[in-house]
Amino acid sequence: MMKKKWVWGTVSAVMALTLAACSTGTGTSGAGLAGQDGSSTSKVAIAYNNPPLWANWEAVQAKFMEKTGIRVPADNKNSGQAMTAMIAEKNKPVADVAYLGITFGPQAVKEGVAEAYKPEHFDEIPADLKDPDGKWMAVHYGAIAFIVNKDALGNVPVPRSWADLLKPDYKDKVGFLDPTSAAVGYSVVTAANIAMGGTLDNWDPGIQYLKQLEQNGAIHPKQTATAKVMKGEIPILIDADFNGYTMKYNDQAPIEVVIPKEGSLKVPYIVSLVKNGPNQDNGKKYIDFMLSDEGQQLFAQGYVRPIRSVDIPRETKDKFLPESDYARVQSVNYEQMNKVQTEVNERWKNEVTAGK
């Protein structure tokens, strides 16, 4: 699974509208195959931001079609592009479903492009990871973690805590994406602040910690840095855990994933039913499948953690860190996290990286 860029912030900050051909109803004829449930009407559901190489969506789409006969074309928009398209198409929607970074959920409600829908298992989703009316809901999540290239570290031990990263052993060896240009970078800053005892109203602990990390030679690539980790150019990348698992298991790299002892941050992803979508019943079935046991298990195979507590095959479960490690991962008020992003980025530029 490749790193995906999903964008925090308002749509105004998003790039120009790019309505991909895949969102124009490609293959929307009703000539699809009948599914196991006997579906025989329209055979397509349009899902924005549904890239096959991310979170195992390709397998999810394939199994959904096998069971229902409903085809879901791949779509490579990111969250910001999907939201921009949904707003532009508000009076004549193209999509039926949208998959988004969690901060876009409240925005979809505010813009009036999300339809209320409560699928089976809705009640099993944590209250802070869904809209109470069902206009958006989390389907899986990742966690901010240390992704460590053990070979590149040599005899230096794998760090276990945020405090460890300040030690001379790790000077010039730690990196994370620039928070002013990458969503996951801002998630790292938030995770560090929470771990140091800060809150979304008090960023002083995180800023003080990051200043020390900066003095220890922290590196801040502007774009995806997993290739640099694979090459050993950045021995320790603070990033989403699923990117580490992908390097470890899919690329067979000498990677260890670490949830720091002081704690970390959940990175949830949500789905919304698009208001007045052209194939809304099929969109509902697609959401139903995402939250089914089978859908959740397929997501786990893509190294994102199911939002529901479902049985995961041992072979898949063993690839994740133990549950006790994930007990240190917490969620926050993501809408509030989004609201203060500009202010935090200013402090980053003025107090953490000033003069660089």
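Colleague: What does E294 count as, at 28% relative accessibility?

Modeller: This is a predicted model, where local features need pLDDT of at least 70 and side-chain atom pairs count only at pLDDT 80 or more, while totals for chains, interfaces and linings use all residues. Residues are numbered from 1 along each chain as its sequence is written, and side-chain values use heavy atoms, leaving out hydrogens and water. Buried means under 20% relative accessible area and exposed over 50%, with partly exposed in between (1.4 Å probe, protein chains only). So, at 28%, E294 counts as partly exposed.

Colleague: How many residues apart in sequence are the parts that K63 and E294 tie together?

Modeller: Their side chains meet in a salt bridge at 4.0 Å, N to O (a Lys or Arg side-chain nitrogen within 4 Å of an Asp or Glu carboxyl oxygen). K63 sits in helix 1 (residues 57–68) and E294 in helix 10 (residues 293–301), so the parts they tie together are apart by 231 residues.

Colleague: How many residues of strand 2 are buried?

Modeller: Helices (H or I, at least four residues) and strands (E, at least two) are DSSP runs, numbered from the N terminus. Strand 2 covers residues 97–101 and is largely enclosed by the rest of the structure, because the buried count is five of five.

Colleague: Which residue in strand 8 stands opposite G101?

Modeller: Strand 2 pairs with strand 8 (residues 264–274) in the antiparallel sense, over five bridges; pairing takes at least two DSSP bridges. Opposite G101 you'll find Y269.
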